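Colleague: I've got some questions about how the labels on this one were assigned. Mind if I go through them with you?
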Amino acid sequence: MDNFWKRKFLLVSLISLSFLLFNCSASGALVVEKKPEISFITHSAIQIKSESANVTNGGGVINQIQSNIIMKLKDRVKAEIFTEDNPTNKKIKDFIKLNIKLTSFKDVTKADRLLIGAFAGRAMVTIEGELTDTKTKNTVSKFKVEEVSSGGTALAGTTDDVIEAASSRIVDFILENSK
């Protein structure tokens, strides 16, 4: 009888462990204040400017988001992609400017997730974005993105996961709304 309970305990432990290790993903939403209609035919470049709004340790997070957006855009559009501090922008007159601002985030590292699991909480990023047409000086679109991990697992649900999801959501939004 003693062996029966050991096997039951082991089975329940393995099921619980597999749930903790493999049951997590980020979920989020993009709220549009103004829907864009961007033409990459008339604009041969996209400038990305990023900032962190009074968020402790937000500089590294917003830089990672900016890098992800640049990488994803370069893979999917022919337009030149550059940052505000890049000297390329002095040569190009008309471009789309993407301003992104990190307004809040909760950091959950892989170490946090592995050591304390669900008790580490949920990783989260909130970003406000604005697309501007530098030719007309008009705001083309405004949006807000919030990504939150589902938490509760050892191998997923970290800040890196929500950064990746938020970056993808922003790039998809821009490309889905381009002419």
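Colleague: Where is the place of N68?

Modeller: N68 is in helix α2, residues 58-76. Helices here are DSSP runs of H or I, at least four residues, and strands are E runs of at least two, numbered from the N terminus. Bear in mind that this is a predicted model: local features need pLDDT of at least 70, side-chain atom pairs count only at pLDDT 80 or more, and totals for chains, interfaces and linings use all residues. Residues are numbered from 1 along each chain as its sequence is written, and side-chain values use heavy atoms, with hydrogens and water left out.

Colleague: Why is N68 called buried?

Modeller: Buried means under 20% relative accessible area, exposed means over 50%, and partly exposed is in between (1.4 Å probe, protein chains only). N68 has 12%, so it counts as buried. Leaving out residues up to four places away in sequence, N68 touches I163, E164 and S167, where contact means heavy atoms within 4.5 Å.

Colleague: How many aromatic pairs does a search of the whole structure find?

Modeller: The search finds 2. One of them, F82 with F95, has 5.4 Å centre to centre and 70° between the planes. Rings of Phe, Tyr and Trp (its six-membered ring) pair if their centres lie within 6.5 Å; planes under 30 degrees apart are stacked, over 60 edge-to-face, the rest tilted.

Colleague: Which residues touch the most other members of the largest nonpolar core?

Modeller: Of its 34 residues, those are I65, I69, L73, L98, L102, V125 and I170. The largest share, 8 residues, comes from α4. A nonpolar core is a set of buried Ala, Val, Leu, Ile, Met, Phe, Trp, Tyr and Cys residues joined through side-chain atoms within 4.5 Å. Beyond four places in sequence, I170 is in contact with residues including L30, I69 and L98.
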